[in-house]
Amino acid sequence: MKQKKPIMMNQTSVTEFLLLGLSRSLKIRLFLLGFFSIVYVLTLVCNTIILMLIWLDVRLHTPMYFFLGQLACVDICYTSSTVPQMLANLQSPRQTISLAACAIQINLTLAMEQI
């Protein structure tokens, strides 16, 4: 009987993904970092103000404002699931995301789309 040779297979495990950003220029990345940071903070502040006003004013406890509050919550969660990683990648020379962080971000994004 002939002995079979073991089959050698190339096994590479992926632990992180390389993200190709909007630009390689440092000046443009810093501009985008500032711009997106301001827009993100404004989104969080405005939606939080909407939620606080609906919660504090009894006259706003109607179905329309209930759904507006739900929309504000979803907007906060949806933007918070993607924008912080984008901001981190804009300021970092090494633009990667780990496999676990990518899986969490995808699941959060898909969960927010289902609401």
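This report describes the helices, aromatic pairs and selected residues of a predicted model.

Residues are numbered from 1 along each chain as its sequence is written. Because the model is predicted, local features need pLDDT of at least 70 and side-chain atom pairs count only at pLDDT 80 or more, while totals for chains, interfaces and linings use all residues; side-chain values use heavy atoms, with hydrogens and water left out.

**Annotated spans**

Residues 46-115 are 80% helix and 4% strand, with end C-alpha atoms 20 Å apart. Helices (H or I, at least four residues) and strands (E, at least two) are DSSP runs, numbered from the N terminus.

**Helix packing**

Helix H1 covers residues 26-56 and helix H2 covers residues 63-91; they pack at an angle of about 160 degrees, with their axes 9 Å apart. H1 and H2 are therefore roughly antiparallel to each other. The contact of H1 with H2 has 18 nonpolar, eight polar and two charged residues. In this classification, Ala, Val, Leu, Ile, Met, Phe, Trp, Tyr, Cys and Pro count as nonpolar, Asp, Glu, Lys and Arg as charged, and the others, Gly among them, as polar.

The axes of H2 and helix H3 (residues 99-114) come within 9 Å and cross at roughly 155 degrees. That angle makes H2 roughly antiparallel to H3. The crossing of H1 and H2 is left-handed, and the crossing of H2 and H3 is left-handed.

The terms are defined as follows. Axes are lines fitted to C-alpha atoms, for helices over the stretch in contact, and angles run from 0 to 180 degrees between N-to-C directions. Angles under 35 degrees count as roughly parallel, over 145 as roughly antiparallel, 65 to 115 as roughly perpendicular and the rest as oblique. A crossing is left-handed if the near helix is turned anticlockwise from the far one by less than a right angle, and right-handed if clockwise.

**Aromatic pairs**

A pair of aromatic rings is described by the distance of the centres and the angle of the planes. A search of the whole structure finds three aromatic pairs. The rings of Phe 66 and Phe 67 have centres 5.3 Å apart and planes at 70 degrees, so this pair is edge-to-face. Ring pairs also link Phe 31, Phe 35 and Phe 36 into a cluster. Rings of Phe, Tyr and Trp (its six-membered ring) pair if their centres lie within 6.5 Å; planes under 30 degrees apart count as stacked, over 60 as edge-to-face and the rest as tilted.

**Accessibility and distances**

Buried means under 20% relative accessible area, exposed over 50% and partly exposed in between (1.4 Å probe, protein chains only). Phe 66 is partly exposed at 48%, whereas Phe 67 is exposed at 56%. Trp 55 is found in helix H1, where its relative accessibility of 67% counts as exposed. Val 39 also lies in helix H1 and is partly exposed at 38%. Leu 108 belongs to helix H3 and is partly exposed at 39%.

| Residue pair | Separation in sequence | C-alpha distance |
|---|---|---|
| Trp 55 and Asn 89 | 34 residues | 36 Å |
| Leu 108 and Leu 19 | 89 residues | 19 Å |
| Val 39 and Val 83 | 44 residues | 10.0 Å |
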